[in-house]
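I am opening a notebook on a structure that is new to me. I want to look up a few residues and write down what I find.

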Amino acid sequence: MTVTPYSGARTPMYFVGNIFNNGWNNNDLTMRIFADSDLNDMLYTYTGYVKSGSEFKIIQNPGDWGTQWGFGSDGVLSTNGGNIGGFTADGYYTMTFDLNNNKYTITPYTGAVT
């Protein structure tokens, strides 16, 4: 038997905003964004239902606005940016966040919904 210890140290990230039911409560641990891999490459993807007009930011530490990412410009995140939004219709969206390079994408999800 071979035992390989877990070597990836994923950094937890959380949505904050009116995009979900937690509002702007930065102490809510339920809106965690999961990393794409076991490596701490700071790449995160979320697919889910979003209401029109919703906005959000991403924080690293619950209860702390010190480490956060928001809107810098289209496709660019800023650590002192505004709210990310632009949802013009209710629906499912896929959001990808590359926090190492301060980039993001938001695209309508067109796959099957179960």
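I began with Phe 87 and Tyr 93, and both are buried. The model is a predicted one, and I read every entry below with that in mind.

I then asked how many aromatic pairs the structure holds. The count is nine. I picked out Phe 56 and Phe 87. Their ring centres are 6.4 Å apart and their planes stand at 40 degrees, so this pair is tilted. Phe 56 is in strand β4, while Phe 87 is in the loop between β6 (76-78) and β7, so the pair ties together parts that are 31 residues apart in sequence. I checked burial too: Phe 56 and Phe 87 are both buried.

Next I noted the cluster. One aromatic cluster is formed by Phe 15, Phe 20, Tyr 46, Phe 56, Phe 87, Tyr 93 and Phe 97.

**Entry: the nonpolar core.** Which residues of the largest nonpolar core touch the most other members? This core has 21 residues, and I listed Met 13, Phe 15, Tyr 44, Phe 56, Met 95, Phe 97 and Leu 99 as the ones that do. Then I looked up which strands supply it. At least two residues each come from β1, β3 (43-50), β4 and β7 (91-98). The most comes from β7, which gives three.

Leaving out residues up to four places away in sequence, Met 95 touches Phe 15, Ile 19, Tyr 44, Thr 45, Tyr 46, Val 50, Phe 56, Phe 87, Thr 105 and Ile 106.

**Entry: Gly 48.** I found Gly 48 in strand β3. Is Gly 48 buried or exposed? Its relative accessibility is 6%, so Gly 48 counts as buried. Not counting residues up to four places away in sequence, Gly 48 touches Gly 91, Tyr 92 and Tyr 93. I also took one distance: Gly 48 and Thr 30 are 18 residues apart in sequence, and their C-alpha atoms are 14 Å apart.

**Entry: a surface patch.** Tyr 49, Tyr 92, Tyr 109 and Val 113 make a nonpolar surface patch of about 360 Å². I looked up Tyr 109 by itself. It sits in the segment after β8 (103-108). Tyr 109 has 34% relative accessibility, so it counts as partly exposed.

**Entry: Asn 26.** I placed Asn 26 in the loop between β1 (13-17) and β2 (32-33). Its relative accessible area is 8%, under the 20% cut-off, so Asn 26 is buried. What does Asn 26 touch, not counting residues up to four places away in sequence? I wrote down Val 16, Ile 59, Pro 62, Gly 63, Asp 64 and Trp 65.

**Entry: Asn 61.** Asn 61 is in the loop between β4 (56-59) and β5 (68-73). With a relative accessible area of 33%, Asn 61 is partly exposed. I took its C-alpha distance to Lys 103, which is 42 residues away along the chain: 20 Å.

**Entry: Asn 102.** I found Asn 102 in the loop between β7 and β8. Most residues other than glycine have a negative phi. Asn 102 is not a glycine, yet it has a positive phi of about 55 degrees. At 27% relative accessibility, Asn 102 is partly exposed. Its contacts, leaving aside neighbours within four places in sequence, are Trp 69, Gly 75, Val 76 and Leu 77.

How values were computed. Residues numbered from 1 in each chain as written. Predicted model: local features only at pLDDT ≥ 70, side-chain atom pairs only at ≥ 80, totals over all residues. Heavy atoms only, no water. Helix = DSSP H or I, 4+ residues; strand = E, 2+ residues; numbered from the N terminus. Buried < 20%, exposed > 50% of the residue type's maximum accessible area, 1.4 Å probe, protein only. Contact = heavy atoms within 4.5 Å. Patch = residues over 30% accessible without salt bridge, like charges linked within 9 Å, V, L, I, M, F, W, Y side chains within 5 Å. Areas by Shrake-Rupley, 256 points an atom, 1.4 Å probe, with all protein chains shown as cover. Salt bridge = Lys/Arg side-chain N within 4 Å of Asp/Glu carboxyl O. Core = buried A, V, L, I, M, F, W, Y, C linked by side-chain atoms within 4.5 Å. Phe/Tyr/Trp six-rings, centres within 6.5 Å; stacked < 30°, edge-to-face > 60°.
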